[in-house]
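Please look over the model below before reading my notes. They run from the overall fold to single residues.

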Amino acid sequence: MFECQYNDEMEAEVKRLEAQARAVAAGHPEWLNACAVCGAELEVVDTSQCEICSKK
């Protein structure tokens, strides 16, 4: 039980750090996340692309 919770927390932290790294790479360290393709601001950390880029 504890191991599963720990894994979930670590996975969430990795996603948050990756999202923050994309925002910094886009030139906006104050954002939570940025699109990996076009650099647009994303409001959630669960995705790496905006809707427009994900449809391409």
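The numbered points below cover the basis of the model, its fold, and selected residues.

1. Basis. This is a predicted model; local features need pLDDT of at least 70, side-chain atom pairs count only at pLDDT 80 or more, and totals for chains, interfaces and linings use all residues. Residues are numbered from 1 along each chain as its sequence is written, and side-chain values use heavy atoms, with hydrogens and water left out.

2. Fold. The chain has two helices and two strands. Their order along the sequence is α-β-β-α. The radius of gyration is 13 Å, well over the 10 Å of the globule rule for 56 residues, so the chain is more spread out than a compact globule. That radius is taken over C-alpha atoms, and the globule rule is 2.2 Å times the number of residues to the power 0.38. Helices (H or I, at least four residues) and strands (E, at least two) are DSSP runs, numbered from the N terminus.

3. Extent and burial. Along the principal axes, the C-alpha atoms fill a box of roughly 40 × 25 × 15 Å. Of the 56 residues, 20% count as buried. Buried means under 20% relative accessible area, exposed means over 50%, and partly exposed lies in between (1.4 Å probe, protein chains only). Among contacts with a separation of 6 or more, 12% join residues 24 or more positions apart. A contact means heavy atoms within 4.5 Å.

4. Salt bridges. Side chains of opposite charge can pair when their charged atoms come close. The count here is two salt bridges. The rule asks for a side-chain nitrogen of Lys or Arg within 4 Å of a carboxyl oxygen of Asp or Glu.

5. Lys-15 and Glu-11. These two form a salt bridge, with the closest N and O atoms 3.9 Å apart. They are separated by about one helical turn because they sit four residues apart in helix α1. Lys-15 is partly exposed at 31% relative accessibility. Glu-11 is partly exposed at 45%.

6. Arg-16 and Glu-13. Here the closest N and O atoms of the salt bridge are 2.8 Å apart. Both residues lie in helix α1, three residues apart, about one turn of the helix. Arg-16 is partly exposed, with a relative accessible area of 40%. Glu-13 is partly exposed at 31%.

7. Arg-22. A polar atom of the Arg-22 side chain lies 3.2 Å from the backbone oxygen of Thr-47. A polar contact is a pair of N or O atoms within 3.5 Å; within protein, one must be able to donate a hydrogen and the other to accept it, and residues adjacent in sequence count only if both atoms are side-chain atoms. Not counting residues up to four places away in sequence, Arg-22 touches residues including Asn-33, Val-45 and Thr-47.

8. Asn-33. This residue belongs to strand β1 (residues 33-34). Asn-33 counts as buried because its relative accessibility is 0%. A polar atom of the Asn-33 side chain lies 2.8 Å from the backbone oxygen of Thr-47. Beyond four places in sequence, the contacts of Asn-33 include Ala-19, Arg-22, Leu-42 and Thr-47.

9. Trp-31. The loop between α1 and β1 holds Trp-31. Is Trp-31 buried or exposed? Trp-31 is buried, with a relative accessible area of 15%. Leaving aside residues up to four places away in sequence, Trp-31 touches Gln-20, Ala-23, Gly-39, Ala-40 and Glu-41.

10. Asp-46. This residue is found in the loop between β2 (41-42) and α2 (51-54). Asp-46 is exposed, with a relative accessible area of 63%.

11. Cysteines. The structure holds zero disulfides. A disulfide is a pair of cysteine sulfur atoms within 2.5 Å. For Cys-38, the closest cysteine sulfur is in Cys-53 at 3.7 Å, too far for a bond. For Cys-50, the closest is also in Cys-53, at 3.6 Å, too far for a bond. Cys-38 is partly exposed at 47%, whereas Cys-50 is buried at 11%.
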